[in-house]
Amino acid sequence: MVFGPKQALAIERRKNPQVFESTIQGLMTSKRLSREQAEKRYGEFLLDPDGFALKASAVERKEMGYKNWIDQAVKKSDDPEATQKRIDDFTAKNRLKGIAIMGFFSAAVLAYSATNPYVPPV
């Protein structure tokens, strides 16, 4: 890997040393990490913030005993039945949209191939 967490960390350290140091100290205090662990975690965050957040939420979910994000959302909700209904409605609606889109493009490909048959070059 050409650019990884260590390189992202080195760039951030040179860019703003005071903010970098306060971030590392904050991680060490709040998460009870060693300096090496805090720097590794911050480097991974700098490299891929979205992926880092997804991985962290997946770890948290497993630690709390939830099967998946839907289970977590329903159980943490003030109104679990309404939350489950919204998720189910959203899933059903988007499943239908996906089927419609795939059907449309399949029909378009079939229509194109029927009107423009492939003729190998001679």
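This is a predicted model: local features need pLDDT of at least 70, side-chain atom pairs count only at pLDDT 80 or more; totals for chains, interfaces and linings use all residues.
1. Four rings make up one cluster: Phe20, Tyr42, Phe45 and Phe52. Going by the ring-centre criterion, the count comes to 4 aromatic pairs.

2. A ring pair is described by two numbers, the distance of the centres and the angle of the planes. Here the centres sit 6.0 Å apart and the planes make 45°, so Phe20 and Tyr42 are a tilted pair.

3. For another kind of pair, have a look at Phe104 and Phe105. Their ring centres are 5.3 Å apart and their planes stand at 75°, so this pair is edge-to-face. Both Phe104 and Phe105 are exposed.

4. Packed helices are described by the angle between their axes and the distance between the axes. For helix 2 (residues 17-31) and helix 3 (residues 35-47), the axes come within 9 Å and cross at roughly 115°. Angles of 65 to 115 degrees count as roughly perpendicular, so helix 2 and helix 3 are put in that class. As for handedness, the crossing of helix 2 and helix 3 is right-handed.

5. Which residues does helix 3 bring to this contact? Arg35, Ala38, Glu39, Arg41 and Tyr42 are the ones, and they meet Phe20, Glu21, Thr23, Ile24, Gln25, Leu27, Met28 and Lys31 from helix 2. By type, the contact residues split into 6 nonpolar, 2 polar and 5 charged. Phe20 and Tyr42 turn up here too, one from each helix.

6. Most residues other than glycine have a negative phi. Arg32 has a positive one, near 55°. With a relative accessible area of 77%, against a cut-off of over 50%, Arg32 is exposed.

Methods
Residues are numbered from 1 along each chain as its sequence is written. Side-chain values use heavy atoms; hydrogens and water are left out. Axes are lines fitted to C-alpha atoms, for helices over the stretch in contact, and angles run from 0 to 180 degrees between N-to-C directions. Helices (H or I, at least four residues) and strands (E, at least two) are DSSP runs, numbered from the N terminus. Angles under 35 degrees count as roughly parallel, over 145 as roughly antiparallel, 65 to 115 as roughly perpendicular and the rest as oblique. A crossing is left-handed if the near helix is turned anticlockwise from the far one by less than a right angle, and right-handed if clockwise. Contact means heavy atoms within 4.5 Å. Ala, Val, Leu, Ile, Met, Phe, Trp, Tyr, Cys and Pro count as nonpolar, Asp, Glu, Lys and Arg as charged, and the others, Gly among them, as polar. Rings of Phe, Tyr and Trp (its six-membered ring) pair if their centres lie within 6.5 Å; planes under 30 degrees apart count as stacked, over 60 as edge-to-face and the rest as tilted. Buried means under 20% relative accessible area, exposed over 50%, partly exposed in between (1.4 Å probe, protein chains only).
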